[in-house]
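Hello,

Here is the structure I promised to pass on. Have a look, and my notes follow below.

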Amino acid sequence: MKAQLCLASSSPRRQALLTQLGYQFELVAPNIDETMRAGETPAQFVVRMAKEKALAGQALLAPQAETAPLVLGSDTIVVQDGKVLGKPVDKADGEAMLRRLSGRAHRVLTAVALSDGERLEFKLVITQVIFCALSDAQIAAYWDTGEPADKAGSYGIQGLGGNFVRAIDGSYSAVVGLPLVETRELIEQMIAERK
Ligand SMILES: Cc1cn([C@H]2C[C@H](O)[C@@H](COP(=O)(O)OP(=O)(O)OP(=O)(O)O)O2)c(=O)[nH]c1=O
């Protein structure tokens, strides 16, 4: 690959998924404001976050590079009944999220955006996940493992949280944080257009 690839993320899960795709890449960890705007839909919000991460990464890197690198940003949110469940702020918040998810369906929205310094392309992947019913004791025990603390919706499908998933319709890798097929398509398409 000619263009240098960079992942604008501090998520170890996204790093592992991009490695799984077979790419070599560098890392940059931009800080952006992740507050939803008034009137913004969950889909608009998650796409804006992915784009802002890619652009902020590009802004950090471009001054040092001869050719602007391809910078990938991604964002994941959990949505139920129109309400966005982001990362839990504390134990009470995390347990409340898990109680909401218990025995019901929710959607996981993951957006991935790629900037080459000029163009900014994106894809949005929506996956439905159905949880089994959870007791308060199960929720408390799960919170205490520490796994939910840094994850949207307070669970990790790739970890102990996977034990709660009755069904999934969509992209497993998108729920973990980076949709493999769509990310590869985005990168391949931009490289092809650049030649
Ligand atoms: C629902 C779910 C979310 N998650 C994770 C994916 C994301 O890393 C995190 C959602 O937070 P994000 O804000 O999307 O990402 P992040 O802060 O971890 O990383 P970045 O530096 O790229 O902004 O929740 C899982 O790992 N497993 C799951 O099953």
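Leaving out neighbours within four places in sequence, Asp 75 is in contact with Val 46, Met 49, Ala 50, Lys 53 and Ala 111 (contact: C-beta atoms, placed from the backbone, within 7 Å). Please keep in mind that this is a predicted model: local features need pLDDT of at least 70, side-chain atom pairs count only at pLDDT 80 or more, and totals for chains, interfaces and linings use all residues. Residues are numbered from 1 along each chain as its sequence is written.

Asp 75 sits in strand β3 (strands are DSSP runs of E, at least two residues; helices are runs of H or I, at least four; both are numbered from the N terminus). UniProt, in an unreviewed entry, lists Asp 75 under "active site"; such annotations may be inferred rather than shown by experiment, and positions follow the numbering used here, with feature names shortened. Asp 75 counts as buried because 26 other C-beta atoms lie within 10 Å (the cut-off for buried is 20 or more within 10 Å, with C-beta atoms placed from the backbone).

Ala 111 touches Asp 75 too, and its other contacts beyond four places in sequence include Val 46, Ala 50, Phe 122 and Leu 124. Val 46, Ala 50, Leu 72 and Ala 111 have the most contacts inside the largest nonpolar core, which has 45 residues (a core is a set of buried Ala, Val, Leu, Ile, Met, Phe, Trp, Tyr and Cys residues joined through C-beta atoms within 7 Å). Helix α2 (residues 42–61) supplies the largest share of this core, 7 residues.

Best wishes

Note on methods
A residue is buried if 20 or more other C-beta atoms lie within 10 Å of its own, exposed if 12 or fewer, and partly exposed in between; C-beta atoms are placed from the backbone. Two residues are in contact if their C-beta atoms, placed from the backbone, lie within 7 Å.
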